[in-house]
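Below are my notes on the model, as numbered points. Please read them alongside the coordinates.

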Amino acid sequence: MSAGTTLQFANGTFALSNGSSISGGEVLISSGTVNVNGQSSIQNLRMTGGNLGGTGTLTTTHIFTWTAGTLTGGGISVIPAGAHLVINGGVSLWQRTLNNKGTTTWSGASDIGISNGSAFNNVAGALFEAQNDRLINTGQYGGTFNNAGTFRKLIGVGDTTITSVTFNNSSVVQVQSGALKLNGGGTSSGVFNVSSGALLDFTGSHNLSNATFNGPGLTRHSSGNLALTGPVTAQQWHMTGGTLGGASTLTVTQNMTWTAGSWNDGGTTIIPVSANLVINGSVSLWAHTLNNKGCLLYTSPSPRDRTRSRMPSSA
């Protein structure tokens with residue numbers, strides 16, 4: 001195709017056969033269905049509606065602008081290193097895998113749906129940047145967002161919420177403004193950096209193993225069960241509900257506030273020298289150890305000491 005030209009797929013069903021390669025202009029999918037069979041590539045793709053399906057793999061080598069429509073069919077869509085996926089509109093992954101190896105920017109006033117076993121994989125070295133206050137959710141049967149690169153929340157001052165979609169972080173999450181709320185479960189072993197004035201909020205159950213929470217911003221556990229399956233370290237931690245479980249340790253190196261919820265399951269919470277724990281509310285220790293080596297201040301009745309729990313004043 002010549003530069004500046006457009007190949008448009010509208011209505012009907014079309015197929016890209018194995019080895020198809022389109023470059024030079026822009027491919028536009030506005031309605032209908034385009035099925036990818038085998039390995040295909042498009043340099044510049046714009047999707048404003050319709051379906052991109054098939055069981056094959058489609059690689060967009062330069063830019064994929066996605067404002068509406070569904071990626072479906074059980075195949076794989078790839079954004080390679082150096083390429084860019086721009087999401088600005090209500091879009092959906094339905095039984096398809098999207099592998100981002102480049103840069104994805106998400107803006108606008110609509111949500112991303114990841115459903116029916118779909119996966120969005122933000123691989124090592126890639127960037128996913130949320131520039132809005134919207135939802136990553138599931139329409140039906142669940143989906144997964146796997147972050148092995150950098151997931152960044154910025155610009156918006158409200159909430160970006162991942163709800164009913166499993167979120168797994170094995171690399172870096174950066175919350176630079178507003179709030180990132182994790183509501184759909186998952187497992188995290190990576191790093192969470194929370195900037196001043198920003199909030200990372202666990203509002204659903206999640207497994208934490210060898211995870212680290214850095215920065216002057218606040219990490220909050222509002223509801224659900226956080227299971228410590230490996231050691232966890234945090235600078236700032238605020239617990240307002242839910243259950244802290246698991247048999248491993250949580251070490252809060254600066255400030256922790258505990259206003260509601262319970263600590264269970266044989267694990268240990270450590271407040272080291274020079275750190276602070278403020279208890280202000282109805283809280284519970286249940287088969288959990290609290291080792292305070294710093295400063296503990298409570299401004300309401302002390303935690304209820306239930307069977308097999310210990311709360312030494314120092315350790």
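1. Ile112 is part of strand 13, residues 112-115; strands (E, at least two residues) and helices (H or I, at least four) are DSSP runs, numbered from the N terminus. The model is predicted, local features need pLDDT of at least 70, side-chain atom pairs count only at pLDDT 80 or more, and totals for chains, interfaces and linings use all residues. Residues are numbered from 1 along each chain as its sequence is written, and side-chain values use heavy atoms, with hydrogens and water left out.

2. Ile112 has a relative accessible area of 3% and is therefore buried (under 20% relative accessible area; exposed is over 50%, partly exposed in between, with a 1.4 Å probe and protein chains only). Apart from neighbours within four places in sequence, Ile112 is in contact with Ile87, Val91, Trp106, Phe128, Leu135, Ile136 and Asn137, where contact means heavy atoms within 4.5 Å. Ser92 is 20 residues from Ile112 along the chain, with 5.8 Å between their C-alpha atoms.

3. Strand 14 covers residues 119-122; Ala119 and Asn121 point one way, Phe120 and Asn122 the other, and all are buried. In a regular strand the side chains alternate between the two faces of the sheet.

4. Strand 14 pairs with strand 11 (residues 97-100) in the parallel sense, over four bridges; pairing requires that DSSP finds at least two bridges between two strands. Asn122 of strand 14 has Asn100 opposite. Strand 14 also runs parallel to strand 17 (residues 143-147), joined by four bridges. There, Thr144 of strand 17 is the bridge partner of Ala119.

5. Where does Ser177 sit? Ser177 is in the loop between strand 21 (172-175) and strand 22 (179-182). Its relative accessibility is 16%, so Ser177 counts as buried.

6. The Ser177 side chain reaches two backbone atoms: the nitrogen of Ile155 at 3.0 Å and the oxygen of Gly156 at 2.8 Å. Beyond four places in sequence, Ser177 is in contact with Lys153, Leu154, Ile155, Gly156 and Ala198.

7. For the protein chain overall, there are 36 strands and zero helices. The C-alpha atoms fill a box of roughly 75 × 30 × 25 Å along the principal axes. Of the 315 residues, 52% are buried. Among contacts between residues at least 6 apart in sequence, 18% join residues at least 24 apart.

Note on methods:
A polar contact is a pair of N or O atoms within 3.5 Å; within protein, one must be able to donate a hydrogen and the other to accept it, and residues adjacent in sequence count only if both atoms are side-chain atoms.
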